[in-house]
Amino acid sequence: MTAEEVTSEGQTVPIVGEDITPKKDGGVLKLVKKEGTGAEMPMTGDKVFVHYVGTLLDGSKFDSSRDRGEKFNFELGKGQVIKAWDIGVATMRIGEVSQLVCKPEYAYGAAGSPPKIPPNATLVFEVELFEFHGEDVTEAEDGGIIRRILTKGEGYSKPNEGAAVEVSIEGRHDERVFDERELKFELGDGENLDLPPAVEKALLNMEKGEEALFTVKPKYGYGSTGKAKFNIPGGATLQYKIKLTTFEKAKESWEMNTDEKLEQSSIVKDKGTQYFKDGKYKQASVQYKRIISWLEHESSLKGEDEEKAKALRLAAHLNLAMCFLKIQEHSQALENCDKALELDGTNEKALFRRGESLFGLKEYERARTDFTRITVLYPANRAARAQVCVCQKHIKEQHDKDKRLYAGMFQKFADRDAKVTDTKGKEKENGDGDSMDVAENGAAEQTAA
Amino acid sequence: MPKFQDVVQKWRNTPAHKFRQKDRELCIQIGSACIDQGETAKVLDFIKEEQNQGIVKALGLGLLQPLVREIVRRRRNPVHCEAAVSHLVQTLKPKELFDNLLGQLEDCDPGAIGETVICLLPLLKTVLLRLGGGKGQSVGAVLEAAQKQVSRLPVPYTRQQEKVDAHGLSRCCTALLDFIQPFVEEVKKGDSKKGGPSAAKGPANDELRADIVQFCMMGLREPLLQAVLQGRNSSFWTFATGIMAILPAIEKPLPVLLFYQPMGKGEEPISKAASYSVESRACLAYLLFVQLIAMETFPAIFCPVFVLQCNMDYVKLLFTRKDESWLTKGLDLCEKSLERVEDSSLPVEILELRAFYTVPQNLVEIMTVCPMKHLKTRGLHVFQLFIDKLNGEAKHRFFRCMLKTSHHAGVEGIVIKNTKNQVDPAKCGKVSCWFSGEHLLSMLQLILSLPQGPQTDLLQGMDRVMESLNLLRFLLIKEKEQSSSKSMWAELCKLSDSYRKVLRVCLSMSRTYYSSELKTLRENQKNKAKEIREALKLKKPVREINVRDEKLSNMSAVEQHQVLQCAMVTFDLMDSLVVRIEELTEDRAT
């Protein structure tokens, strides 16, 4: 324990405490004011909840969570807070109250943090740790996948969908290791390797070189049916230790010149088409999206290159629309059809797929408009003509439904109308079955470009 | 109006449940007629008359709309109408009143949106407070309807427009804040009653909270994202301050809203509704970090790099729209977030984050394509700030990428100038290892080349060529003095020789081309002058003369002349630099 008492003018807070910096440069001095109760200390990545009061050396308070009346929380060790805190809070136990004296290099440095903190300020915090828990990496934040980081990774980027990863995986169930493998695969392909969804979700949140423990609820594990191959019963909570050794970082658009972009786009397009043929629509869509991100803002193109880029973008949007139709993401399909039509206003496939998307979104009137347009522009397209009829039927049915709805509202007219609409409604229900078949046929005729 | 008196007498004797539709219609008819003729004092007297209270209770609702319409029109002094309305609002059944007023709010006259909203909101507030606990989702419904109307109003652009407030947007904002205040208090009271923040609260309270949050988020997007905040006494400033105070008060802490909401993990936002709120949050970030609204309640714990990372996503979003208000906000937010970060501290890995390579590209776009001069200048400033914050390795990578992809001589010039500053220890303290030896040579290979070889247009590429020659000369002098490694010198001379050769050819070609250009221009001017003289003699109209050079064609002849003159001077300058560089390399060789 080192204690240096510096008393300069106007200073009321004594600079005392144990130097807890890894470098031992006295940048963060910690003084325990009240011992904590817990045995454990929070780990990197944990969500921690604290109360704090921050003062400058002259004793003036610049910030306090207690004044705001709500605890402050952050993810530890991820550079979300000033360095002194990432170091200091990691040494605390639940219930502990500590004073942290932080040199500017571990706080706001020469820049300060206007308007509250002047340049080159040493800061004093009194921090109380209330609770901490592992970080939830699920999108819904339902506690389904909780991470505790063992070794922090490097860099800022994380693998995205479709990226090739190299990982070591160790899965445990009740102390029994059931799965231990070194794997190389592309994200999205995990199912074929008998990996539960949790592993891929976890990997999407990991940095290169990171090693972490994940506690996985059945929902993201092997569900209620379990996994016979690994002898996992239904409803089992799993533990995974995952290390992301490395992952392929795709060259991003700004590092490529125009020729490289065009060349890469063609390669990626073929890759996408292959995925599409294998029925891997998600992976395919990842590839097509890359083409768009590369070429969308390319404004310096001229002549032949411009045509090439346009054709690639058009194909990418059309194929994306097809992928989204396959996985029932109608609104995203619609978006891509719109983009495709911006490039080529009378594109047959774009119009057809937009019709299908709209149909999927139950926008029958607009769907009909698109299909009708195809029959005008391309009289040979029989699928479109069939679709027009299907839409017609649905519009009528919806209309009848509305009528019934209103009939309920206006009791007076209900009796008279009810008979008519009822019989009509029955007819429609029969017709519905046929229409869906036709829709399927229509879709099947259109394959990826 | 003798007949009217009869009717009133009859109504006075009618029990409440015996009134018919016919009576209601008649009441509206008579009321409207009176109001139209300016007999509002009579209407007020009628409504206030003790004996008429039964009638008012039964038929008064119908009078609300004509009264409100009269107030909104502002044809005459509305004092009687206002008194009449406030009497009605206090006496009629709140549920019926609410439906009536909300209906009026929902389909208000498109020509008088502002006035209608301003008139109806206080009334609705009174009614809702009378409804008390039974109001359910009514607050949300009012807020939604009001905001839908308000979003149709044009947002003022100048201070003057805001002051005049022709469409009432500013006053609507004030009215909205006024309206919401008691409900914010209600949520706060509910929270404190149920104990600490983590304790479970009543569902009604949470519903109201959700409605208010929704209102705040909508308000941030519309009108605040469009609005220009002109100082503290602007009504938008007050509105923004109000919203920023409400959010934390109802337990939506600003850090949570800004940093810990899913941005749409992955590429796309989760849904349309979610992307809506990302825009609102971008505005929130702007108000907090640029205008410093509510900054005093914001935790001073966050690491500036983390804040920058989060804000860059918002900046990226703000740059997606080519509106001045969005671009300005994006530039401001980017600037303020960068300023807090220490110089030369951002690591190379940060460039892998999507926003960190999209935003600089957007900045280049603003600098080179945007027609507004002040945005261009700001773009350049922020671009330079961004460069300053990168560490050596990140600068090296960023510069190479910019040279490869920016396609703009001006931007390349900036990058080359920055390279020189990195090499110059006097300018940046110490020489970064990323700008010496091998690393420097790899950069020089990109810098000391001409994009289109000898065909490069030197007038267009002037910025880049001048900066690259400056850098080369500087390096040669420096190497000569330090005489560090032999191989470095040799490599430098090699690069310099090949560059000089191409440049020589290029210079002579450009000079020939532009001097002939200059000659043509002079002749054209002479001809034109002659023509004018002749035209003056003959009093004929002057025919426009087309200048051959298309690139310069949208400048006036005088400007073109200046540009060409300037080009010739620059070529001379380049020539002398090339000669100087030649001397330098030869000096050491001997």
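**Figure 1. A:Ala202 in helix 3 of chain A.** A:Ala202 sits in helix 3, which covers residues 197–204 of chain A. The model shown here, as in every view below, is predicted. Is A:Ala202 buried or exposed? A:Ala202 is buried, with a relative accessible area of 1%. Which residues does A:Ala202 contact, leaving aside neighbours within four places in sequence? The partners are A:Phe214 and A:Ile242. A:Ser293 is 91 residues from A:Ala202 along the chain. The C-alpha atoms of A:Ala202 and A:Ser293 are separated by 25 Å.

**Figure 2. Chain A as a whole.** Chain A holds 11 helices and 13 strands. Its length is 449 residues, and buried residues make up 48% of them. Consider the contacts in chain A between residues at least 6 apart in sequence. Of these, 64% join residues at least 24 apart. The chain exposes about 22,300 Å². Carbon and sulfur atoms supply 49% of that area.

Figure 3. Most residues other than glycine have a negative phi, and most peptide bonds are trans. The bond that joins A:Pro114 and A:Pro115 is cis. Its omega is about 0 degrees. Where is A:Pro115 found? A:Pro115 is in the loop between strand 6 (97–102) and strand 7 (123–133) of chain A.

**Figure 4. A cis peptide bond in a helix of chain B.** A cis bond joins B:Glu222 and B:Pro223. Here omega is about 10 degrees. B:Pro223 lies in helix 12 of chain B, which spans residues 203–224.

**Figure 5. A:Asp174, with a positive phi.** A:Asp174 is not a glycine, yet its phi is positive, at about 50 degrees. The residue is found in a loop of chain A. Strand 10 (164–173) lies on one side of that loop and strand 11 (176–186) on the other. Is A:Asp174 buried or exposed? A:Asp174 counts as exposed, at 64% relative accessibility.

**Figure 6. B:Glu251, with a positive phi.** B:Glu251 is not a glycine either, and its phi is positive, at about 65 degrees. Its loop runs between helix 13 (235–249) and helix 14 (254–259) of chain B. B:Glu251 is partly exposed, with a relative accessible area of 27%.

**Figure 7. The largest cavity.** Rolling a probe the size of a water molecule over the atoms shows where empty space is left. The count comes to five cavities of 30 Å³ or more. How much space lies in the largest cavity? The largest cavity holds about 150 Å³. Its lining is made up of 16 residues. The closest to its centre are A:Tyr108, A:Ser113, B:Met295, B:Pro299 and B:Arg340. By class, 13 lining residues are nonpolar, one is polar and two are charged.

Figure 8. A disulfide is a covalent bond between the sulfur atoms of two cysteines. B:Cys119 is buried, with a relative accessible area of 14%. B:Cys370 is also buried, at 11% relative accessibility.

**Figure 9. B:Gln147 in helix 9 of chain B.** B:Gln147 lies in helix 9 (residues 138–150) of chain B. B:Gln147 counts as buried, at 7% relative accessibility. Not counting residues up to four places away in sequence, B:Gln147 touches B:Phe215, B:Met218 and B:Gly219. B:Cys172 is 25 residues away from B:Gln147 in sequence. In space, C-alpha to C-alpha, B:Gln147 and B:Cys172 are 9.4 Å apart.

**Figure 10. B:Thr585 in helix 26 of chain B.** B:Thr585 is found in helix 26, residues 557–589 of chain B. B:Thr585 counts as buried, at 9% relative accessibility. What does B:Thr585 touch, not counting residues up to four places away in sequence? B:Thr585 touches B:Leu476, B:Trp489, B:Cys493, B:Ser496 and B:Arg500.

Note on methods:
Residues numbered from 1 in each chain as written. Chains lettered and ligands numbered in written order. Predicted model: local features only at pLDDT ≥ 70, side-chain atom pairs only at ≥ 80, totals over all residues. Heavy atoms only, no water. 1 Å grid on protein atoms, 1.4 Å probe; cavity = no way out; pocket = protein on both sides within 12 Å on 5 of 7 lines; lining within 4 Å. Points joined across faces, edges and corners; volume = space filled by probe spheres on them. Nonpolar A, V, L, I, M, F, W, Y, C, P; charged D, E, K, R; others polar. Helix = DSSP H or I, 4+ residues; strand = E, 2+ residues; numbered from the N terminus. Buried < 20%, exposed > 50% of the residue type's maximum accessible area, 1.4 Å probe, protein only. Contact = heavy atoms within 4.5 Å. Areas by Shrake-Rupley, 256 points an atom, 1.4 Å probe, with all protein chains shown as cover.
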